[in-house]
Amino acid sequence: MSLSLLARTGHPEWTAAPARIVHLGLGGFFRAHAAWYTAHADDADDWGIVGFSGHSHDLVDRLAGQDGLYTLTTRGNDRDTIEVVPSVVEVHPGTDTAAWRSALASPEVTVVTLTVTEAAYAPGPSSVAARLVDGLVARRRADAGPVTLVPCDNIADNASTLADAIRTTAARLGGVDLGDRAHGEIGRGDVGLVEWIDSSVRVVGTVVDRITPRPTPADEAAAAALGYVDAAPVVTEPFSEWIISGTFAADRPDWESAGAQFVDDLAPYARRKLHLLNGAHSLLAYAGLLRGHTEVANALADDGLADALRAWWDEAAPVVGGADDAQAAYRRALMRRFANPRMHHALAQIAIDGATKLPVRVIPVARAELAAGRSADAAAMILGAWVTYVRREGANLVDARRDEVLAAAVGPLRDATHRLITLLAPDLADHDDFVGVAFDASESRASYP
């Protein structure tokens, strides 16, 4: 049905499902991934999502104006497929504390998903853990029953990381103070909160994968050609993967009917994703931008960068583990995905928050290689490209650790290289040869052969 405006009103085929999932982080990846899986599950009619932005009011306003509906363009190498995704039934800004508490306090809600950046896990009054504990306090007081948290983020062992952060926050504050009087009042002195969380809250781990670049005006035009006027379109690739591990505390959607996989051990999938895909993205982002490229596909077409990418994958292979043929197949698939010329995946988007991303994408490989008596040159070259990128960006750098990164980046390049590596991984800064390779890469502006 061709529409001039996305909205549920008057269109019974888009009747809102009951609100049973709360989600934090309304960005494109969530709408191409968890919301898409929910919409495609066999029991989709039973699972509506109440979405909260991280901070943005603008995206909430745009989605609210079309009742949470949006177009998802799946962009293959030769054609697009456009669909309307109906699973988001309410949207609120992350600053709407009353709506957040009300949503978490609903007994109908049994699942909370989140798709945020790595930086959002840093401790603080506006951290993911602080927000969740605030909502869990409201849920406990409402006696709303058990709930499962599903982090969909590029954090190593995201279930344990989130569970530990929540428990620590709850134990320290007995609730949480998010910076205003109301927040301070709800949680202070909440005796037994940690015990309630231990008995009523489960956290399951995930590995998520679907490349989702920022949409462009051309993407809005593609939807408009089908009769949709969409203020919040999403573009993604055909490939999608959602690996889940853990026990749910209560009901959940039938995500496996939409293609999600439930496994006992996430670790092999997480290592493969973080080092082969995310690590490669970081290499292409920093070195590619320094060599004048703007998108993943044209960076990959640079023979020097393609060779550097293969060298990185070879270096990461022992850490990733698994069967050689399976790893080789995954690498071939990544090459096809990266080379899609119609995706327009901006390197500048990938380059954001390097000081948080590199410690999980690159540093573990460097440590393992050095511990094995090998050089870790490929990892050092990625860090060297990042050093030069940071110094080039200066005040324009977009990074959650911007101030400390820029403070470390000043002065002679060799000294800055050592300080920046120390900032990411102090133990690696003691390896003079490793730092030297990073410095050489920095000095040469990542001019791979």
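1. The buried residues of helix α13 are Gln327, Tyr330, Arg331, Leu334, Met335, Arg337 and Phe338, where buried means under 20% relative accessible area, exposed over 50% and partly exposed in between (1.4 Å probe, protein chains only). They cover an arc of only 165° around the axis, which places them on the same side of α13; the arc is that of the directions from the helix axis to the C-beta atoms. An α-helix has 3.6 residues a turn, so residues three or four places apart point the same way. The face turned away from the buried side of α13 carries the exposed residues Asp325 and Arg336.

2. This is a predicted model, in which local features need pLDDT of at least 70 and side-chain atom pairs count only at pLDDT 80 or more, whereas totals for chains, interfaces and linings use all residues. Residues are numbered from 1 along each chain as its sequence is written, and side-chain values use heavy atoms, with hydrogens and water left out. Helices (H or I, at least four residues) and strands (E, at least two) are DSSP runs, numbered from the N terminus.

3. Helix α13 comprises residues 324-339, 16 residues in total, and reaches 23 Å from its first C-alpha to its last, close to the 22 Å expected at 1.5 Å a residue. The expected span is 1.5 Å times one less than the number of residues in the helix. The packing partners of the buried residues of α13 are β9 (205-209), α10 (267-290), α11 (296-300) and α12 (303-320), with contact meaning heavy atoms within 4.5 Å.

4. Asp209 belongs to strand β9 and, at 2% relative accessibility, counts as buried. Leaving aside neighbours within four places in sequence, Asp209 is in contact with Phe29, His33, Phe239, Ser240, Glu241, Lys273, Leu277, Tyr330 and Arg337. Among the buried residues of α13 are Tyr330 and Arg337. Asp209 and Asp219 are 10 residues apart in sequence, and their C-alpha atoms are 21 Å apart in space.

5. The largest nonpolar core has 64 residues, and those with the most contacts inside it are Trp312, Trp313, Phe338, Trp386 and Phe434. Such a core is a set of buried Ala, Val, Leu, Ile, Met, Phe, Trp, Tyr and Cys residues joined through side-chain atoms within 4.5 Å.

6. Trp386 touches Tyr286, Gly354, Ala355, Leu358, Val405, Leu420 and Leu424, not counting residues up to four places away in sequence. Helix α17 (residues 377-393) has 17 residues that should span 24 Å at 1.5 Å a residue, and its end C-alpha atoms are 24 Å apart, which agrees. Of these 17 residues, 13 are buried, so α17 is largely enclosed by the rest of the structure.

7. Ala376, in the loop between α16 (363-371) and α17, has phi near 60°, a positive value in a residue other than glycine. At 0% relative accessibility, Ala376 counts as buried. Gly394, which follows α17, has a positive phi near 55°.

8. The buried residues of helix α19 are Leu413, Ala416, Thr417, Leu420, Ile421 and Leu424. They cover an arc of only 130° around the axis, which puts them on the same side of α19. These buried residues pack against α15 (354-361), α16, α17, α18 (402-408) and α20 (432-443).

9. Helix α5 (residues 128-142) and helix α8 (residues 193-200) pack at an angle of about 85°, with their axes 11 Å apart. Axes are lines fitted to C-alpha atoms, for helices over the stretch in contact, and angles run from 0 to 180 degrees between N-to-C directions. The two helices, α5 and α8, are therefore roughly perpendicular to each other (angles under 35 degrees count as roughly parallel, over 145 as roughly antiparallel, 65 to 115 as roughly perpendicular and the rest as oblique). The contact involves Val133, Leu136, Val137, Arg139 and Arg140 of α5, and Leu193, Trp196 and Ile197 of α8.

10. Asp143 lies in the loop between α5 and β7 (147-151). Its phi is near 50°, a positive value in a residue other than glycine, and at 68% relative accessibility Asp143 counts as exposed.

11. Asp230, in the loop between α9 (217-224) and β10 (234-236), counts as buried at 5% relative accessibility. Asp230 touches Leu6, Gln66, Tyr70, Thr71 and Glu220, not counting residues up to four places away in sequence.
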